[in-house]
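Biologist: Hi! Could you walk me through this model while I have it open?

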Amino acid sequence: MATIYPVSETNVPSVHLEAELFVLLAAMPPEQLEAVLSHLAAAFPTESLLVASPDAFRPDSTPPLRMVTVPATNVSWTLNAADFVTAYQLAEKHKARAVLMLGAESSSLGSSALSDLAQAVMNPTTDLAVPSYQLPANAALVNSAILYPLTRGLFGSRARFPLAVDLGLSLRMSERLATAAHRFTAANQGDALLWPVNEATVAGFAINQFDVGTRNLPQPAGPDLNTILPMVVGSLFSDIDAKAAFWQRPRPLPPLRDPVPRSQAALLDGATDVAPMIQAFQLAYTNLYEIWSLVLPPNSLLGLKRLSVLDAAAFRMPDSLWARIVFDFLLAYRLRTINRGHLLGAMIPLYLAWVASHLNITASGTEPERHIEAVAAAFDADKSYLFSRWRWPDRFNP
Amino acid sequence: MKKLASATDPLWYKDAIIYELHVRAFADSNADGIGDFPGLLSRLDYLQDLGVTCIWLLPFFPSPQRDDGYDISNYVDVNPSYGTLNDFKQFLLAAHQRNMQVMIELVINHTSDQHPWFKAARLAPPGSPAREMYVWSSTNQLYQDARIIFTDTEISNWKWDETAKAYYWHRFFSHQPDLNFDNPAVIEEVLKAMRFWLDMGVDALRMDAIPYLAERDGTSCENLPETHAVVKTLRATIDAEYANRLILAEANQWPADVRPYFGDGDECHMAFHFPLMPRIYMALRQEDRLPITDIMAQTPAIPANCQWGLFLRNHDELTLEMVTDDERDYMYIAYSADPRMRVNVGIRRRLAPLVDNNRRRIELLNSLLLSFPGTPILYYGDEIGMGDNIYLGDRNGVRTPMQWNSDRNAGFSKCDPARLYLPLVMDPIYGYQAINVEAQVSDQSSLLHWTRNMIALRKLFQVFGRGTLSFLNPANRKILAYLRDLDRGDGTHETVLCVANLSRFAQPVALDMADRAGAEPVEMLGYVPFPTVTEAPYVLTLAPYSFLWLELQPSHAKPAS
């Protein structure tokens, strides 16, 4: 997406560049760009919008929107620090009241979704509007297994996609994220990830979530779990570490939302063979046990031992065991018990075990979203375990 | 070019964990037996892991080293034994990269007699600008009401100079002539030195011996209005030219006399609380909270932007200047059985030996340090329970090399052991083979791990650095109980109840907490819920030398049992 490089402005009516809503788009193919612009034009009065995109506009084929171009960044599958800096700089420059950031492949979002996200933050009662996507059952499982339950448990937010690629931001939310992002961009780490839900919660800003329906999620260029999981989870762990003084205060969760049932199309994702995942876990149980034993307490190791002898059909990881595994890896990350890269690498087979278990559970008739809520509830229920381990990280524990 | 502040919060010092060290004593990179900046830089990760957020460096300037660097002969350079200015800059950058601030010494009461200013002053005619950099007199009868500080070595605050044919004034050693702050040129030179380091990015200045800057006949020559005027000038310069910097006052005075050094928030940001420290030791030995509650009752309120600096031990003797004669006698008897343990008006021992190396006593004292209102200052080596060497002269017994491991020279230096600037502690209890960082890092139950955990815990609660203090007064005086409370400004409070057993035996206590009825105490180290506070006395039992930190949460926030 965009960077903080100087802006070249094109296709701009000569009147003025002030806008109610500033929209920052990710790089996307021309046909997708046209679709997004059409959706925007349908959702908002065009005079209230200013749209920035790294792609060249075709004046003949795009709706009559005021537009500026910005250079693209390297990361295309999610928002990054440089995007947040750019968004705020341009929004402030053009005196926008709110910001709408739309990630790659946002053409799959309808006009009403865009309207929901933007209208919310045009209203002073909301600072951060986050989408809840309808995704295929097996999609975004790192989010379901780790990002969502951890963010919900520690920051008391029910935002289902903490790393959403589309966001509505009030101007002050945009400013806060830009400030947080500046720490990374100043260190030449413009592609670092940010955690808007966490930032908003710490700032005491209001968050609203909107069901935006189905969306094609952009995929990383090399969708390699060994790269993506350490990057995303490591970033979240770092953010949690930095905000420990905040989340260590107990906070009630906002009222429960009924999980949106998946559409039939979303559920018909085809059966996935869990055997390779279980084999990867079983192999790791032998090879990585020594590392796991530095991180996990005896009870968790015992749970893994039981798990390691289950056959594929019976393979079920208790939600409470998974919650404690994630908590203990988070703690080991904070303490640098071992090299952080190796640590997060050692978490991957455990994640695969959770995925296998999740797929088995959903294959046996449990609605995926219900199981994910149950996992998140396990994180909530065992939060005091993390608190006590964080505060007194003695290895001599149950 | 002037560098921006490394801290973003102007009140960063309120939440800081300060670690005091001598470059000479920390780590030697070039095997000459003397610690240096490259060595210190190589150990920054250790300090970061410990949780330190501000490093206080003892003087590292060119000096004849007759007072461990407090006799400065050049304010704007680095002593070649410790490296170069460039080495210092690299260290400063590396510290900032680890989110650590750096505090250095501004020793402006006096210079070394080897400073070029003094060499010139001796030769300059009386009344000339060069001569007037220092305080001269034809008689040694002026300022007779000023006490002598280094009673073990000095018999007068005046010293005859044969070259100048006049007496010069010195409040400390006779080789440390006092600068003349009645001379505006002196203030200008001090400002130049100050700007030199602040421009470089240094975050904080510890102003050494601050009460003694000005002299007036017929007074004690301490805490004079003219001294405060100098401090205000320095502070105004800092406020006008720099952001988020700090001045820490070393004023070994009674709390009421230290209070003016905060001014109206326009003199020093911080000042040491000297009288508290010996009274903590006294309370521990007497198993009675009275010495602590008494001195805190005498401690006046300070401006909102100011902070006390708290410490258990430092590079000097455990000073007994701010106690009564009876209290001093008690402290000498209780804590310095061997006369060699005494120096000047104090006791030259480290924390661990002072409490007979009792782990629970060390932990109890640290719990007070970390929970009392102020910013805790740790002295290097105390986090592993290093010992001292009372057979070394002056205060060198508490300034021995840092004990990193059990290898040659304790991992401090690769030099021939005979070259070390001071010998290592080598006795069987505190010697480096037994007490060292490496061993304690690998021992999960070590004092080092305990200290690291406690620092991390304190950092989670802003109330410790910024909250108010109120004592509870249970009938059992062996129990010290107090509430720390911080108004978060959003209608909520962060409140912590601290209870400490000063006794070597288990003690019961019943606390009157009726005005907190309904609160849900949660033990902070283990996040353990305790019974709800009611109108009835809140009863606790504490193990010997144990302490409890209980966060008082509103009832809805209680964690699951």
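Predicted model: local features only at pLDDT ≥ 70, side-chain atom pairs only at ≥ 80, totals over all residues.

Biologist: Let's begin with chain B. How many helices and strands are in its secondary structure?

Modeller: Chain B has 16 helices and 22 strands. Both are DSSP runs numbered from the N terminus, with helices being H or I of at least four residues and strands being E of at least two.

Biologist: And what does its radius of gyration come to?

Modeller: Chain B has 24 Å, which agrees with the value near 24 Å that a compact globule of 561 residues would have. The radius is taken over C-alpha atoms, and the globule rule is 2.2 Å times the number of residues to the power 0.38. Along its principal axes, the C-alpha trace of chain B spans about 80 × 50 × 50 Å.

Biologist: What share of chain B counts as buried?

Modeller: Of its 561 residues, 51% are buried. Buried means 20 or more other C-beta atoms within 10 Å of the residue's own, exposed means 12 or fewer, and partly exposed is in between, with C-beta atoms placed from the backbone.

Biologist: I clicked on B:P291. Where is its place?

Modeller: B:P291 sits in helix α10 of chain B, residues 290-297. B:P291 counts as buried because it has 23 C-beta neighbours inside 10 Å. Leaving out residues up to four places away in sequence, B:P291 touches B:R279, B:M282, B:A283 and B:Q286. Contact here means C-beta atoms, placed from the backbone, within 7 Å.

Biologist: Switching to sheets: which strands make up the closed barrel?

Modeller: The barrel in chain B has eight strands, β1-β2-β3-β7-β8-β9-β10-β14, with parallel pairing. Two strands pair if DSSP finds at least two bridges between them. For example, β1 (18-21) and β2 (54-57) of chain B pair over four bridges, and B:L21 stands opposite B:L57 in β2(B).

Biologist: What about the open sheet, what is its order?

Modeller: The order is β15-β16-β17-β22-β19-β20 in chain B, six strands with antiparallel pairing. β15 (468-472) and β20 (528-529) of chain B are at the edges with a single partner strand each, so one side of each has no neighbour in the sheet. Within the sheet, five bridges join β17 (493-501) to β22 (547-553) of chain B, where B:L497 has B:L550 as its bridge partner.

Biologist: Which helix lies across that part?

Modeller: Helix α13 (359-371) of chain B lies across β16 (479-487), β17 and β22 of chain B, running at about 155 degrees to β17(B). Axes are lines fitted to C-alpha atoms, for helices over the stretch in contact, and angles run from 0 to 180 degrees between N-to-C directions.

Biologist: Now the contact between the chains. How many residues does each chain give?

Modeller: Chain A gives 14 residues and chain B gives 15 residues. On the chain A side, α8 (244-247) and α16 (383-391) of chain A each give two or more residues, and the largest share, four residues, comes from α16(A).

Biologist: Thanks! Last one: what domains does chain A have?

Modeller: The assignment gives domain 1 (8-247) and domain 2 (271-391) of chain A, with bounds from an automatic or database domain assignment. Their C-alpha centres lie 30 Å apart.

Notes:
Residues numbered from 1 in each chain as written. Chains lettered and ligands numbered in written order. Contact = placed C-beta atoms within 7 Å.
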